Amino acid sequence: MSSESSERAPRVGTGASYASAGVDIEAGDRAVELMKEWVKKTQRPEVLGGLGGFAGLFDASALKKYERPLLASATDGVGTKVDIARRLGVYDTIGHDLVAMVMDDIVVCGAEPLFMTDYICVGKVHPERVAAIVKGIAEGCVLAGCALVGGETAEHPGLLGPDDFDVAGAGTGVVEYDNLLGPDRIRKGDAVIAMESSGLHSNGYSLVRHVLLEHAGMALEQQVDELGRTLGEELLEPTKIYSLDCLSLTSTTEVHAYSHITGGGLAANLARVIPDGLHATVERSTWAPGAIFDLVGKAGQVERLELEKTLNMGVGMMAIVPQESVDVALTTLADRGVESWVAGEITDRGEHATGAELTGDYAK
């Protein structure tokens, strides 16, 4: 620095800063303040501390009641469904989808959801928008019976547009070793019970967006008579969270396994829990998929098998139970407001190449 410049009064705020690079720390702090009330609603007795720490704390002494506790963990996101939320400017439902994707994977093995953390990545922090996303996550955690113990909001200017965002989360649950559900419990003759989905849930949206918005040129604000509401309202319908329903079922009657119907479709996800030597046959005639599935199929001339390996076709969760548990299982789910039905059974594998298949035609 020359002597001339050194004699001048220093200029303040003319150099590069985090703010000039596009990151607004103050906005992030305001977002945290706005979300605190929602996170508080998810608290369980085992949670220590509050927001603001570097790590969420969960009192593991609560696990002493277990003889051999197994911790179950899962992580997931919501996929391109976030684009629908962004386009419509509706941010307080996408969190339900996130919790469902994570915690309904955990409950499949019979585990009780304990706690969850989230990660929200945005192009620019809009505090009210971030708080709305967290509100949805918190509401989802309440529905799943777990605590939201922490999370992260990251601002990525230059990589994401000002209105772009993505969400992801990770969760932990616990199950007694002797109560672990899965392929080892399944027996020939078991019944396959289907639980109705609330719609598309959070899978296949790349196909759905391509077919309906790009190929068919439909608008999200468009009223669709077959759906009984706008296309956007249908596409943003939150994913059904089955965690407490499944836990209630396992505490009421014998359950051998669950299958969460997510990416890959019904048959592929059901096959994941079918042991070698056995086969699950699911009869399409036992239910009629909702109107949105027919709309996607017709608008894009999508073949049935392609739809079935991409979308849930109206089934969000499946339970495999012994025949003697069927009546109690159906009654229990009905009492909890879950539409369910016997959709198939477990047979010998025989010459079947995969562990599960759909047969027949859908009911009208």
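Buried means under 20% relative accessible area, exposed over 50%, and partly exposed in between, with a 1.4 Å probe and protein chains only. This is a predicted model, in which local features need pLDDT of at least 70 and side-chain atom pairs count only at pLDDT 80 or more, while totals for chains, interfaces and linings use all residues. Residues are numbered from 1 along each chain as its sequence is written, and side-chain values use heavy atoms, with hydrogens and water left out.

Aromatic pairs come next. Rings of Phe, Tyr and Trp (its six-membered ring) pair if their centres lie within 6.5 Å; planes under 30 degrees apart count as stacked, over 60 as edge-to-face and the rest as tilted. The structure holds four such pairs.

Select F58 and F115: their rings form a tilted pair, 5.0 Å centre to centre with 40° between the planes. F58 is in strand β2 (residues 57-58) and F115 in strand β4 (residues 112-122), 57 residues apart; strands are DSSP runs of E, at least two residues, and helices runs of H or I, at least four, numbered from the N terminus. F58 counts as buried because its relative accessibility is 18%, whereas F115, at 21%, counts as partly exposed.

Now select W287 and Y362, an edge-to-face pair at 5.4 Å centre to centre and 70° between the planes. W287 lies in the loop between β11 (278-283) and α10 (291-299) and Y362 in the segment after β14 (356-359), so the pair ties together parts 75 residues apart in sequence. Both W287 and Y362 are buried.
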